[in-house]
Amino acid sequence: MSTTAVVRKNTYFDSVSLMSVSTKANGLDGVEQAFTAMGTEMNKSVLENLGLLTDELRDAGNGDLMIVLVTADGADTDELLAEVEELLHRKAPASAAAGTVTYRTLTGAARGVGGANLAVIAVNGAYAAREARKALLSGLHVMLFSDNVSVEDEIALKQLAHEKGLFMMGPDCGTAIVNNVALCFGNKVRPGTVGIVAASGTGSQEVSVRVHGLGGGVSQLIGTGGRDLSEEVGGIMMIDGIRALAADAATDVIVLVSKPPAPSVEARVLAEVAAAGKPVVVWFIGGSQEAVTAAGGHFAADSLDAARQAVRLAGVGQPDVEEFDAVAAADAVVARLAPGQAYVRGLFCGGTLCDETMYAVRDAGTEVWSNIQKDPAHRLTASAPSTGHTFLDFGDDDFTNGRPHPMIDPALRLERLVEEARDPEVAAVVMDFVLGFGAHEDPVGVTLPAIAEARRIAEEAGRHLEIIGYVLGTDLDTPSLAAQTAALRAAGVTVTRSSTETGSFAREIARKATQA
Amino acid sequence: MSTPETPSAASLFAADLSVVNVGLAMFDRDIAAQGAAVTTLDWTPPGGGSAEAVRALDALDAPEVAARIEAANAEAVERITTARPVLVGYGRALDVVPGMTPTTILHSGPPITWERMAGAMRGAVTGALVFEGLAKDLDEAADLAASGAITFAPCHEHDCVGSMAGVTSASMYMHVVRNETHGNTAFTNLSEQMAKILRMGANDQSVIDRLNWMRDVLGPMLKEALEIGGPIDLRLMLSQAVHMGDECHNRNNAGTLLLAQALSPSLLQTSFTTAQKKEVFDFIAGSDYFSGPTWMAMAKAALDAAHGIENSTIVTTMARNGVEFGIRVSGLPGRWFTGPAQKVVGPMFAGYKPEDSGLDIGDSAITETYGFGGFAMSAAPAIVALVGGTVQEAMGYTRDMGEITTTQNPNVTIPALDFQGLPTGIDVRKVLDTGILPVINTAIAHKEAGIGMIGAGITHPPVEAFTHAAGALADALT
Amino acid sequence: MRHCEPIGLRVESGDAGLLRRLDAWRGEGRVHSVFTRVVNVLTPRGTLIALAARGAGHAPRTLAADVTDWAGRGLLAGQAAVFAPGSITLAVPGRPVRLTTAGARGWSAAAPSVAGLRPGARATAADLLDRCNAEHGVRGGMLGATPGAGPMEAAIVRALHHGRTLLLDAIRAGDAGLMRQGVLALLGLGPGLTPAGDDFLTGLCLVAALPGSAQASLVPVVRDLASARPERTTDLSLATLLEAADARARAELLDILRLVAHTAAPGELHAAARALLAIGHTSGSDTLSGLAAGLRLEEELRGPL
């Protein structure tokens, strides 16, 4: 007999749901007995007398809930703990009457749940379009997280949504904030007056986080899915998104985030910009200024620029932050490098974060290789070793094929970090750490051992390896930006303050290290 | 600026967000933690993830095809709900059932040969052959059954339904139920009451003796009584029974009382002796199941009227022969779509174990096809033990069945659901699309011949039957 | 900003004493814990009060608002609660919730006396309550272990039994030192959100706090320990126990005491006991155990005279 336990700090459950957790936990294979009680002195002393008081339980306070599992010999305790966590996370019934209803279909839920207005759909791509159509036909707005949906289906869904006056966010839409509720992958940001329409998940996360960091707030963040601004789809969702934010009294400034649209689509989107009746900041990653300005839009060169302009136009917050001197910072790094350490390697979870840094380096005239490079001559596969300045997006299909997204499962990226540290040509490794809903619960913590290992390898080889970390998150996220930043700094990592800053730092190191 | 001709999606911003979450449970937690309402579906892929099902559903979803189906289904359910089955008489199968001959044996479920029959059905067939005087004992009956001299056919193909093994032979007395609205007639034989009976596979002398008595006394007396008392409106009586706590498949307490109440004055006036009348009343009082077959014939009369409507995807038959589960679909008349018969899960009589159970058998799922039985569990809280316990669960069964059916039957309603009508018109497409299989309340027969009923419980059809039907519909309609 | 306009809710009724004191409290408290039907709030004075949904039942330090439940409003522990005359505003980001108390009906949480009953009446009532508890109550706490219970539950139940015996003997002996040990042996012990031992103490202490009680010496012991050793149990338990020491308790408990005080018919008492048993998981049973034990002691301590 051995014990294992879950302690929920200052967590309160309705007694009915607690009872059901306890009953279900007792029914798990390998559990001989499950017992739920508060972490009071008396309860702990009973456990101690039985020899069941683990250190974790000893630390429980009287306001903490203890779920103690007595397990059979040979039971997989990690697995059991995960199952208990799952039981705890299952939503407590909203009320006694509604609690007993389990819906099996979208149509049934749309009919049965009073006030249901949005469906979040994350099912296998083969079924995703069917479910999205059902949701729209039931009058629900849709956020379609699934990918592998055909472009024909996407067009049909978006046209249907448009006719019905509904949002059709996605397919492949990972981030949205609706009525101050972040959906899927999103950060906790202040409510405010900046509305965002975005074809890029991490791009929009970055803008929302920067707006928050500058003292502004977000009214809505509407995702469109990555393919919306293609010739075929024609920007249906982005146009509807702009119109909706234009009509929304709580939105003062609109920010658009996307890779450069197909030319015909760009013209249509910019026509909406001109007609919006409120300031529109346009960040088309790597796009050109002329057309945007001509349409009366505010051109943004990078994510930080987009957020600064939005906050300034909204008349809130403090857009002026201390400028980052990338040149000086890079000089300091390069001074510590050994001969032959010439290259920067970027290991990213966020696609747009990878893009922004990679383009910053490339636009300075430096050659870069990547798994998301458009130019086939500079494209790397997931299995290929790094070469020159390499920037990898671990969230791309190449890497995720059959695996969870690196924001959830960081194993591949950790291995790669150690691998890069062994390469004597590497001067610096750049990594992002994405916080917020849907992300890993401690992205920095899970990387720290690999960082230590990488630094040890370089040190033993007599090299300085510069590790640059960017934490995408806010002080409201759990864990917080401050805590994650502090942990990185303590591990000897140089922490940048924005995706844009990360790009300029990488660019200057690449330039100087290559020359050196 | 929202364009004037289309509604604006911006209306979402003024509402409290209430999310329906499909696929990934982790999002549920995050959304709830931010204070928004969230409902996470218990979602399963269509057709259990079968590619054939998804292909067929996509084909049937094409707007032009879907429009034809909607119109046909509307007619099919209209026919089911407006059918007014009336008990008009009783008579010997040879005299009343179309196509019946002295050497015909009807059985439940889709077609099956003697060699493949389940134990309970074999027991019933040999018992019936002895009862008919075609064999002197069970061994001889088995030889005869195997000889090819006996014509086997599904009840359903002779306007009949048969409970459990469904074995129906020429001399057995049948209910005669006419659908007054559409003019067709349906038949089923009489309840043998008890557990150790022919339809459950039992076939010893006590079983044969009872069948003889039913042929010589019970059947003729019922026939005469109905002639005296006149026809009985079964739909009206069914609706009363449902209001009194029956689901009319596994619970028949109220329905049997109502039927006996209607028959009693006429039974008393028949030409039989008082001793015989007492035997009949004792027999009726012997089991609440007396009216069970009556409701089956009632449902059959209504569903046959909805069979054969071009383009309709409505299920008009669900029936099992103990080996296979077969369904028939309105738009594909005469064809069976089958999959393996399933286990029945539920409480067993003392002394029997689940491994003693035969697989699902009988035409009684015609009750669920109509919309009562398992579909009306919420009307019969007294037997929720069959579904594992709670009244809430029973309510859930009826609600789930609402998701795979086309309409509600305004003529038969469930008080506990604010007089919502029976979920009516099982749509092959909805079954596959939702992954919800029809729920069937049923009895459990022993797997061996000669033993009988050993429990009761619930079961579901195999999804393959619906997948095959959808494939055939897609081929036929596109 | 549209979302910053608070959502207005009315307090329909509440603890009359609390409603009177509320106007004097200004400043910021915080949300302590959030349940479907109840939100607990720490006042600027550091006391714990409950905001209940309609129909959650009257209780001391509790206000009932015109909501069916608190789900879906974004309430989280730690959010600010701003107290101003006539209102409490819960600072939910984006959509604060403001409860106004104007027009709220006051409810008195005070318990009746059972001192003047004829001999045997309290014991009869205690018997009936215990029978009802044995029949309909939930095991796992004061009622003993559930059949087939594991070692932990068995040990907890043993400890509860030990604590009860110790405390009841101490009250019989009128020994404050032993009472102290007995209370400490139960405080914070047992399963559930409010540990079973606390629930028992609440029932027992309520009887001891009634006017004219023969076991009144228990009350100062409970009060002292609750203020000297608050870390022994949860905030919620502590608040309930302190109220019981002031002879104040939730409506279901008071209903039982009123029926006992008026020697009501067994049927009525049975129905009231069932209402108490419906609270929480084992909480109702454990509280009822304490109440019955208190009534029995009351009889015993007066008995020979």
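This is a predicted model: local features need pLDDT of at least 70, side-chain atom pairs count only at pLDDT 80 or more; totals for chains, interfaces and linings use all residues.
Colleague: Where does A:Ser370 sit, and which residues does A:Ser370 touch?
Modeller: Helices (H or I, at least four residues) and strands (E, at least two) are DSSP runs numbered from the N terminus, and A:Ser370 belongs to strand β15 of chain A, residues 368-370. Contact means heavy atoms within 4.5 Å; leaving aside residues up to four places away in sequence, A:Ser370 touches A:Met358, A:His378, A:Arg379, A:Leu380 and A:Phe391.

Colleague: How is an interface described, and how many residues of chain A and chain B are in contact?
Modeller: An interface's size is often given as the accessible area lost when the parts come together. Buried area is that loss with a 1.4 Å probe, summed over both parts. Here 58 residues of chain A are in contact with 47 residues of chain B, and the two chains bury about 4,700 Å² between them, with 60% of it on carbon and sulfur atoms.

Colleague: How many salt bridges and polar contacts does the rule find across the interface of chain A and chain B?
Modeller: A salt bridge requires a side-chain nitrogen of Lys or Arg within 4 Å of a carboxyl oxygen of Asp or Glu, and the rule finds six across this interface, including the one between A:Arg130 and B:Asp61, at 2.7 Å from N to O. A polar contact is a pair of N or O atoms within 3.5 Å; within protein, one must be able to donate a hydrogen and the other to accept it, and residues adjacent in sequence count only if both atoms are side-chain atoms. Between chain A and chain B, 21 residue pairs are in polar contact, both residues being at pLDDT 80 or more. By class, the side of chain A that touches chain B has 32 nonpolar, 15 polar and 11 charged residues, where Ala, Val, Leu, Ile, Met, Phe, Trp, Tyr, Cys and Pro count as nonpolar, Asp, Glu, Lys and Arg as charged, and the others, Gly among them, as polar.

Colleague: What does the contact of chain B with chain C involve?
Modeller: Seven residues from chain B and seven from chain C take part, and about 410 Å² is buried between these chains, with 43% given by carbon and sulfur atoms. On the chain B side, B:Phe13, B:Ala33 and B:Gly35 lose the most area to chain C, together 63% of what that side buries. One salt bridge is found across this interface, and C:Arg95 forms a salt bridge with B:Asp16, with the closest N and O atoms 3.3 Å apart.

Colleague: How do I read a sheet, and what is the order of the open sheet of five strands?
Modeller: Strands of a sheet pair through backbone hydrogen bonds, either parallel or antiparallel. Two strands are taken to pair if DSSP finds at least two bridges between them. The order in this open sheet is β6(A)-β5(A)-β4(A)-β1(B)-β2(B), with parallel pairing, and its edge strands, each pairing on one side only, are β6 (168-169) of chain A and β2 (37-40) of chain B. Four bridges join β4(A) to β1 of chain B, residues 18-22, and there A:Ile121 has B:Val22 as its bridge partner. Within chain A, four bridges also join β4 (residues 118-121) to β5 (residues 141-144), with A:Val120 opposite A:Met143.

Colleague: Why is helix α7 of chain C called largely enclosed?
Modeller: Eight of its 11 residues (the helix spans residues 235-245) are buried, so the rest of the structure largely encloses α7 of chain C. Among the elements covering these buried residues are β2 (27-34) and α5 (196-209) of chain C. Just after the helix, C:Ala247 takes a positive phi of about 60°, and C:Ala247 counts as buried at 9% relative accessibility.

Conventions: Residues are numbered from 1 along each chain as its sequence is written. Chains are lettered from A and ligands numbered from 1 in the order in which they are written. Side-chain values use heavy atoms; hydrogens and water are left out. Buried means under 20% relative accessible area, exposed over 50%, partly exposed in between (1.4 Å probe, protein chains only).
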